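User: I am new to this structure and would like to learn how to read it. Please take me through some of its features one at a time.

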Amino acid sequence: MSALPWYEDVSPGRGTLPPRAWYARSDAPALSLNGDWAFRLSPTADAEDQAFAAPEYDASDWGTVAVPGHWVLQGKGSEAPGEYGGPAYTNVRYPFPVDPPRVPTENPTGDHLRRFDLPADWPASGGAVLRLDGVESCARVWLNGTELGEFKGSRLAHEFAVGHLLKARDNVLALRVHQWSSGSYLEDQDQWWLPGVFRDVTLLHRPEGAPRDFFVHASYDHVTGTGTLRVECEGDVAGRVTVPELGLDLATGEAVTVAVEPWCAEVPRLYEAELAAGGERVALRVGFRTVAVENGVMTVNGRRVLFRGVNRHEFHPERGRSLDLATMREDVELMKRHNINAVRTSHYPPHPAFLDLCDTYGLWVIDEGDLETHGFEDFAWRGNPVDDARWTPALLDRAARLVERDKNHPSVVMWSLGNECGTGAGLTAMARWIRDRDPSRLVHYEGDRSCADTDVYSRMYPPHAEVDEIGRRADRGPAARAQLPFILCEYAHAMGNGPGGLADYQRLFETYERCQGGFVWEWIDHGLVHPVHGYGYGGDFGEELHDGNFVCDGLLFPDRTPSPGLLEYKKVVEPVRIADGGPGAALVTNGHDVADLAHLAFTWSFLADGETLATGPLEVPALAAGASARVDLPVPPAHREGAETLWTVRALLAADTAWAPAGHEVAWGQIQVSAPVRPAPPTRAHPSRTSDRITLGPGVFDARTGVLSALGSLPVTAGPRLDVWRAPTDNDDGAPWQPDERHGPLWRELGLHRMRHRTDEVLLDAEGLTVRSRVASGASDVGLRTTYRWTSDGTVLRLAVEVVPEGEWRVPLPRLGVRLGLPAALDRVDWYGAGPGEAYPDTRAAARLGRWEATVDALQTPYLRPQENGARIDTRWVELTSPTEGVRVEGDPAFAFTARRWTTEQLDAAAHRGELVPGDTLWLHLDHAQHGIGSQSCGPGVLPEYRLDAAPAAFSLSFTPLG
Ligand code: IPT
């Protein structure tokens, strides 16, 4: 066979400059080449010749694309896929035949052309480089008809020397971009395949004598409180470094040690500095910090750090991985507002400006290489490029482009080789190169349990019990590994409703020194705007192979509104703990790594039956990190005898910060003072009966079936009946690779979605109505004996439900409660219970007791694939009303309610939100209990303490019509 074309050979490229540090500001001119480019799409790599690269080429009949951008997300036509093809989603599988390094003949190829003039003041002397910050998956580049070279490595910066080719006017830059290249084998990340020039294209002037590259070394000695600064320039460039605030003016290469304030994620202290060398002045931002492993614990500046992290893919619902600065800033601000202190840049180096934001706002970063070969796992890793020496130059190129570009960011504390690549000598070569080039940071890679090439033991999705074992240092493994700190580079899969079990992980991280936290998978749902579905996921763009909604597993919805999972995470990782401090006191614990509490202002409020009776400021000492104090609460205000009373104590930002205004809530806690005194059960009203109706207080029943049909004047379109089904969540359905039982499929197999209700007895007595039934599904020998006992005091109708399982129940129940139908006009909801958001047994940390209100629509959580959502737990009472009528429900004990305009069956059947059409009934679920949520869509299932096993149960609900 003839030699492979360049895009198929394993080399990283040809003609590019060696990688160097990125910086935001220099006084050397730069010209952005972003904007509309002429564009031509071909179905194969060789459909068109290279004549388009010639300066005189006439591209007037071409289309256009916006650069930066992905061509598959552009072009005319509202259909998906559109004029320029469409996005495609696969998780692990390569969407093309696996025959490395060959790629398919069908290789969408985008030719890009951009004409530009130099600005009038562009210097005549010096050189220039053309920088491309990200092109998927490879590019061949020409300027003014001269070929510059070609490169692979989609999320890595590439530069070419172009000074000698530039003209004052009418320069022509030509790019040929192939969707598939040998590099695609190294880029099998779980995300959309999105070809295009998706990051900035810039022309940078290079002044005479300017340093080719520089490395800022800024360490901190926590014993002496001093920082040591040394800026190393490549070659013998004689430059000066000035740090006005520190009065420093030193030569490049020279080290100085002075008293400084250190940089950390909580207090991101940066010093403005300048590097002046040759004809260039580069703005630097120096953060002094030292990363170390001491006695098996990772420290920064001598302190243990605890990662409250997320995995962040770059994602925008319209622009794919092409993010503007405002979106990056929004991500960082949202993270900071939700108590997140760390980011793993899964699974490639992000746009470099993102790391500047991390330096500024304060986030610990694991910066990951653009490398994943996961699809080889299906063949027992046969042919895996990371274990094939021919690919090692490409791997080393990726390692170097990661480290060289990002080495000057204080926020970066670990280099990650890549994700899900199996094991191999190529990874070892990368780790060696990185350690040699930058010994100041730790090396991370999760995929090799031997930890031969890493400085930290990292795992994804281990169950809690295993984390506990590792925390106790009781896990078996290579001796060297036992000396390493432990992190979860991925855990708590935020797909659909969930993740459950976060608080239980956090307890482990706060118990064991070695467990230094983790990174939730993942930050944002990758739902792409779709003409029919609103947001589409895998399979919605005509893909032949796809992995469905597995791409929607973020803490943010695609439009960046926080999901309940993010609110839960914020509460679970809050850096201040507020608990019961004994009679009349709160116990406040500062859980920050470094910061004291001086930046927070505390408040108290006193609630009686959910109503706030009084509020005020609470004096809390500026406790040092790790310290606790008992803080006296005021004398409770006067309140109704027998009321349920509690304190809410909140920790708020005392002053504006870069990421939130003063008053932003960082942490909170509730302390119960007194439990409610329950009123005696309603006195008896006597039922009466006609031939077809039974009347009992406000209740009207069908005399034959015993089913409630009205409450006063309010029609009950479907009387309350036992209900155990919920539309399975992604976590209920589970992932095939998880060892735990997958309940969603088992529930369906057992027919819990098609339960039948057999009426065994309708019995009227002097004090009420009893209906006995058995609830079970066809083909199943298990059932639930259910007794409904109705009584009334004349005003309130009380339902007592008793459930006794029959037969051998091998699976837990999804839920246990009743469902009823009411007129859809009741769309205002007021309740006293835990809120304001949804909560389930293992996702309930963020729900606090209080009085809440919402519309029925606002109670729905818009998971991209419809599934169980919206339960409000610990409800004492709820009122559903229209302007003219309504119903109040009180529980004994408290219950969870869910209200929707569609049935569970409709929710279950829908694949996209748009398929949920409101009907004329309001479906109200009043649940005694729900099964937990877990994280089994990729991780472990529901912990035993949150299972809802079938067992005898009794609960009651009181209904009052409101007129
Ligand atoms: C893990 C991947 O690292 C991540 O990219 C993502 O795919 C995640 O799972 C699931 O959403 S790999 C998994 C097989 C443990």
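**Reading the model, starting from one residue**

Analyst: We can start with Asn 91, which sits in the loop between strand E5 (88-90) and E6. Keep in mind throughout that the model is predicted.

User: Is Asn 91 buried or exposed?

Analyst: Buried means under 20% relative accessible area. Asn 91 has a relative accessible area of 9%, so Asn 91 is buried.

User: Which residues is Asn 91 in contact with, leaving aside its neighbours within four places in sequence?

Analyst: Asn 91 is in contact with Asp 188, Gln 189, Asp 190, Asp 547, Phe 550 and Trp 737.

User: What pLDDT does the chain average?

Analyst: The average is 97, and 99% of the residues score at least 70. By element, helix H6 (residues 479-482) has the lowest confidence, at a mean of 91, while E28 has the highest, at 99.

User: How many helices and strands does the chain have?

Analyst: The chain has 11 helices and 59 strands.

User: How does the radius of gyration compare with that of a compact globule?

Analyst: For 963 residues, a compact globule would come near 30 Å; the chain has 31 Å, which agrees. Along the principal axes, the C-alpha atoms fill a box of roughly 105 × 65 × 55 Å. Of the 963 residues, 60% are buried. Among contacts with a separation of 6 or more, 74% are between residues 24 or more positions apart. The accessible surface is about 35100 Å², and carbon and sulfur atoms hold 51% of that area.

User: Now the strands. How do the strands of a sheet pair?

Analyst: They pair through backbone hydrogen bonds, and the pairing is either parallel or antiparallel. One case here is an open sheet of seven strands, with antiparallel pairing, in the order E1-E10-E9-E12-E6-E3-E4. Its edge strands, strand E1 (13-14) and strand E4 (63-67), each pair on one side only.

User: How many bridges join E3 to E6?

Analyst: Six bridges join strand E3 (residues 35-44) to strand E6 (residues 106-116), and the two run antiparallel. Across this pairing, Arg 40 stands opposite Asp 111 in E6.

User: Where can I see a hairpin?

Analyst: Look at E23 and E24, which form a hairpin with two residues between them. Strand E23 (residues 291-294) and strand E24 (residues 297-300) run antiparallel and are joined by four bridges. Val 291 stands opposite Val 300 in E24. In the turn, Asn 295 has a positive phi of about 50°.

User: Next, a helix. How many of the residues of H2 are buried?

Analyst: Nine of the 10 residues of helix H2 (residues 352-361) are buried, so the helix is mostly covered. Among them are Phe 354, Leu 355, Leu 357 and Tyr 361, and also Asp 356 and Asp 359.

User: What do the buried residues of H2 pack against?

Analyst: They pack against both helices and strands: helix H1 (325-337) and helix H3 (392-406), together with strand E22 (280-286), strand E27 (342-344), strand E28 (364-368) and strand E29 (412-416). Just after H2, Gly 362 takes a positive phi of about 95°.

User: How many salt bridges does a search of the whole structure find?

Analyst: The search finds 82. To judge a pair, check that a side-chain nitrogen of Lys or Arg lies within 4 Å of a carboxyl oxygen of Asp or Glu.

User: Which residues are linked in a network of salt bridges?

Analyst: The network links Glu 136, Arg 155, Glu 187, Arg 321, Asp 370 and Arg 398.

User: Are Glu 808 and Arg 810 buried or exposed?

Analyst: Glu 808 is exposed, and so is Arg 810. Their side chains meet in a salt bridge at 3.6 Å, N to O. Arg 815 and Glu 868 also form a salt bridge, at 3.6 Å, but both of these residues are buried.

Notes. Residues numbered from 1 in each chain as written. Predicted model: local features only at pLDDT ≥ 70, side-chain atom pairs only at ≥ 80, totals over all residues. Heavy atoms only, no water. Buried < 20%, exposed > 50% of the residue type's maximum accessible area, 1.4 Å probe, protein only. Contact = heavy atoms within 4.5 Å. Pairing = 2+ DSSP bridges. pLDDT = per-residue confidence, 0-100. Rg over C-alpha atoms; globule rule 2.2 N^0.38 Å. Areas by Shrake-Rupley, 256 points an atom, 1.4 Å probe, with all protein chains shown as cover.
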